[in-house]
Amino acid sequence: MPLFWKAYKSEATTFIDELKAKRPTLEQEQLAGRALLWDKAVDRSAQADYRIARVAQQPYVYQTKSK
């Protein structure tokens, strides 16, 4: 190891570190945005109904049905 060796830090990591330093509330904002779309309670009975009502897809979608 060289005498003046220092750990490598990529440009992306540097950018993210600077962004977090400028906006300390960034992580809370990200969690709030995620909660809007992804952190939802799942209705298990509705999911079961959707699975039962699903129509099977034919193997080749664009093939017309021959008689």
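Arg34 and Asp39 pair through their side chains in a salt bridge, with N and O 3.3 Å apart. That label applies when a side-chain nitrogen of Lys or Arg lies within 4 Å of a carboxyl oxygen of Asp or Glu. Side chains of opposite charge can pair when their charged atoms come close. Arg34 is partly exposed at 47% relative accessible area, and Asp39 is partly exposed too, at 45%. (Partly exposed sits between buried, under 20% relative accessible area, and exposed, over 50%, using a 1.4 Å probe and protein chains only.)

Keep in mind that this is a predicted model, where local features need pLDDT of at least 70, side-chain atom pairs count only at pLDDT 80 or more, and totals for chains, interfaces and linings use all residues. Residues are numbered from 1 along each chain as its sequence is written, and side-chain values use heavy atoms, leaving out hydrogens and water.

How many salt bridges does the rule give? The count is four. One of them joins Lys20 to Glu27, at 3.4 Å from N to O. Lys20 is partly exposed, at 39%, and so is Glu27, at 41%. Another links Asp17 with Lys9, whose closest N and O atoms are 2.9 Å apart. Asp17 comes out as partly exposed, at 35% relative accessibility.

As for confidence, the protein chain averages a pLDDT (the predictor's confidence in each residue, from 0 to 100) of 88, and 93% of the residues score at least 70. Helix α1 (residues 11-22) has the highest mean, 96, while helix α2 (residues 26-37) has the lowest, 92. Helices here are DSSP runs of H or I with at least four residues, numbered from the N terminus.

Technical notes. Helices (H or I, at least four residues) and strands (E, at least two) are DSSP runs, numbered from the N terminus.
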